[in-house]
Amino acid sequence: MPAVHTLLLEEALQDSPQTRSLLSVFEEDAGTLTDYTNQLLQSMQRVYGAQLNTLHSELATQMADRMIFPMIQFREKDLTEISTLREIFGIASDEHEAAMVKYSRLPKKKENEKVKAELVGEVAYSRRKQHQASMQYYCALNALQYRKRVAMLEPMLGYTQAQINFYKKGIDLVSKKMDSFLGSVSSMTQNIQAQLDSEAEAMRMTQRELLSMEDTVYMPDRDPAPVNRTLIQKAGYLNIRNKTGLVTTAWDRLYFFTQGGNLMCQPRGAVAGGMVLDLDNSSVMAVECEDRRYCFQITSPNGKTSMILQAESKREYEEWICTLNNISRQIYLTDNPEAVAIRLNQTAIQAVTPITSFEKRGEGSPNPDRAKPGGMQSSSGASQKTSSAPEPEDLIVPGTPIQFDIMLPASEFQDQNRAGGRRTNPFGETDDDRSPESDDSLLQQVFAVRFLGSMAVRSGQTQEVIYEAMRQVLAARAIHNIFRTTESHLMVTSSCLRLIDPQTQVTRIGFQLQEVTQFVAHQENGRLMGFVVEGRDWSEDDEEGEPSFSAFVFESNTEGDKICYTISLGKDIMEAKKDPEALVQLLKNMPLTNEGKFLLLDNETGNTANGGAPDEEESEA
């Protein structure tokens with residue numbers, strides 16, 4: 001006998017589109033069976049009525065008891081129960097959806113504990129009610145898979161036995177094979193009934209066990225399980241924000257899941273899901289949106305496509321962000337993605353513990369020479385590998401605070417105030433009236449970057465200090481769950497570096513190019529780059545001031561080597577300006593635009609290489 005397919009009661013609580021799709025198959029089968037049963041019963045009644053005219057009452061009684069009555073009982077009992085449970089399940093599902101809509105609209109800033117408790121109780125009650133209704137509905141559909149076989153076999157068997165009992169004259173036609181066949185059919189019917197009893201008992205035990213769970217299972221944001229930061233696959237319901245007009249938005253609750261490097265979405269009733277976004281090299285960050293909790297944003301690598309999603313709980317919120325970040329790193333393409341995800345998570349947790357030396361880091365790097373073209377060559381040969389690599393304590397003081405927003409460290413802020421250097425005020429204007437076009441007419445290149453953090457360092461003459469700053473900044477973000485970043489435009493000229501707000505075009509921070517002592521891209525993650533800026537510290541009341549260094553770490557939409565190459569070119573131009581002959585030679589060796597500026601890559605913010613100001617295009621990140 002072929003195996004009987006059943007619905008899994010364990011999936012009733014999640015109520016995923018896959019389960020709904022399988023449920024629709026069972027419902028369609030029940031509907032088809034109901035139509036077939038009605039037509040078959042009509043045919044049987046016509047056969048029964050025809051026999052009354054020619055056969056005596058004994059045959060009519062046998063046909064009524066063994067053929068018509070089982071079919072009427074199956075239709076009135078089993079099929080009617082399926083129809084009733086289907087209506088109850090639909091009502092419970094609608095109530096749960098309405099409760100979830102109310103809970104999703106719960107404000108974050110003006111939170112009312114009484115209203116929140118009422119909504120949480122309403123969600124828990126409706127979810128429990130839907131869970132009970134779905135399991136009863138699933139059990140009835142599973143039992144129907146067995147009962148329909150018995151219901152189709154019993155009338156045929158009764159009709160055949162009635163004919164055999166009546167037609168004694170046709171006993172020669174009823175051979176031993178027919179007797180064996182009828183015996184096997186009867187045995188099959190008994191086996192099906194036994195399997196139904198066993199399956200019904202197993203379903204009752206499973207239902208009792210699932211209903212004995214704590215009420216916190218039905219309450220949103222009450223899951224005691226810890227956050228798993230090593231996932232490379234994730235599925236569940238999320239609210240997605242859709243624009244319905246110029247300034248109006250609507251939130252839809254849909255089922256999302258990851259498949260390879262893609263984010264998929266499957267509406268209810270759909271047989272399969274469709275791709276929403278390619279997650280490779282995308283960025284994921286937490287956002288504040290319409291006073292809703294647990295919102296995060298996914299942005300494509302080019303910054304042109306983004307979407308805002310809302311999770312149901314804090315645990316789901318953090319797991320979705322970690323999972324999407326793991327997929328963005330293309331971990332799923334490795335031979336053992338689970339082990340790689342665990343190793344990266346352990347590395348982030350242990351990153352605040354100083355490592356023994358940078359020599360070990362270089363051995364594990366697949367491309368240790370990747371960032372060398374953008375670095376600076378020191379006069380003492382510091383770029384060559386020495387016998388004793390510097391310890392992390394020699395590069396950064398243990399316990400140094402890290403700033404995750406765009407602002408200058410205190411030492412550099414004092415440097416600008418006391419030295420009377422060029423400052424940037426909130427309106428993007430400078431103290432002097434000097435036009436930047438006069439000194440930066442040869443080179444202006446703009447890159448879209450996201451500021452990750454800055455910290456004070458001990459040295460500014462080695463690239464290893466930038467690698468250590470990157471490690472500590474990324475580790476601190478991972479440990480403290482800081483996913484939010486600020487996108488800016490990094491303008492590289494032949495005299496300075498400027499970080500510009502893409503919306504207001506206000507300069508957030510700026511450095512003279514001669515203050516930048518080191519710059520390099522990450523050896524493994526090419527989108528990470530950083531540089532070291534030298535300042536002066538007058539805390540010791542020294543007239544000249546002690547040199548102080550700060551490292552700044554950024555994530556770019558392109559290779560960090562390109563930014564490092566542009567900074568290196570700006571330094572070359574700055575040095576060549578001191579020697580007219582060297583400047584002429586440099587102009588001959590580099591391609592120029594029609595306006596006489598160096599021809600580099602197209603600006604990532606949409607400008608050409610003509611050195612103009614960035615367009616006022618707001619980044620979706």
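A: A residue is called buried when its relative accessible area is under 20%, exposed when it is over 50%, and partly exposed in between (1.4 Å probe, protein chains only). The model is a predicted one, in which local features need pLDDT of at least 70 and side-chain atom pairs count only at pLDDT 80 or more, while totals for chains, interfaces and linings use all residues. Residues are numbered from 1 along each chain as its sequence is written, and side-chain values use heavy atoms, with hydrogens and water left out.

The charged contacts come first. The structure contains 24 salt bridges, each a side-chain nitrogen of Lys or Arg within 4 Å of a carboxyl oxygen of Asp or Glu. One of them joins Asp-78 to Arg-147, with 3.4 Å between the closest N and O atoms. These partners lie 69 residues apart and tie together distant parts of the chain, since Asp-78 belongs to helix α2 (residues 57-104) and Arg-147 to helix α3 (residues 113-166). Helices (H or I, at least four residues) and strands (E, at least two) are DSSP runs, numbered from the N terminus. Asp-78 has a relative accessibility of 9% and therefore counts as buried, whereas Arg-147, at 29%, counts as partly exposed.

Glu-95 and Lys-129 form another salt bridge, whose closest N and O atoms are 3.0 Å apart. Here too distant parts of the chain are linked, with Glu-95 in helix α2 and Lys-129 in helix α3, 34 residues apart. Glu-95 is partly exposed because its relative accessibility is 33%, and Lys-129 is partly exposed with a relative accessible area of 30%.

A further salt bridge connects Glu-288 with Lys-108, the closest N and O atoms being 3.2 Å apart. Glu-288 sits in the loop between β5 (283-286) and β6 (295-299), and Lys-108 in the loop between α2 and α3, so that this link between distant parts of the chain spans 180 residues. Lys-108, with a relative accessible area of 37%, is partly exposed.

Three cavities of 30 Å³ or more are present; a cavity is a set of points, on a 1 Å grid over the protein atoms alone, where a 1.4 Å probe fits but cannot get out, and its lining residues have an atom within 4 Å of a point. Volume is the space filled by probe spheres set on the points, which are joined across faces, edges and corners. The largest cavity has a volume of about 130 Å³. Its lining consists of 13 residues, and Ser-104, Asn-239, Gln-310, Ala-311 and Glu-312 are those nearest the centre. Both α2 and β1 (235-243) contribute at least two residues each to the lining of the largest cavity.

The second largest cavity holds about 40 Å³ of space. Eleven residues line this second cavity, with Ser-283, Ser-300, Pro-301, Arg-450 and Asn-557 nearest its centre.

Among the buried residues of α12 are Ile-563, Cys-564, Ile-567, Leu-569, Lys-571, Ile-573 and Met-574.

The aromatic rings complete the picture. Rings of Phe, Tyr and Trp (its six-membered ring) pair if their centres lie within 6.5 Å, and planes under 30 degrees apart count as stacked, over 60 as edge-to-face and the rest as tilted. The count by this rule is 11 aromatic pairs. Tyr-294 and Tyr-317 make a tilted pair, at 5.8 Å centre to centre and 40° between the planes. Tyr-294 lies in the loop between β5 and β6 and Tyr-317 in helix α5 (residues 314-328), so the pair links distant parts of the chain, 23 residues apart. Both Tyr-294 and Tyr-317 are buried.

Phe-511 and Phe-531 form an edge-to-face pair, because their ring centres are 5.9 Å apart and their planes stand at 70°. Phe-511 in strand β11 (residues 507-512) and Phe-531 in strand β13 (residues 528-537) are 20 residues apart, and their pairing links distant parts of the chain. Phe-511 counts as buried at 5% relative accessibility, and Phe-531 is buried with a relative accessible area of 1%. Phe-511 and Phe-531 also belong to one aromatic cluster with Phe-451, Phe-552 and Phe-554.

Notes:
On a 1 Å grid over the protein atoms alone, a cavity is a set of points where a 1.4 Å probe fits but cannot get out, and a pocket is an open set with protein on both sides within 12 Å along at least five of seven lines; lining residues have an atom within 4 Å of a point.
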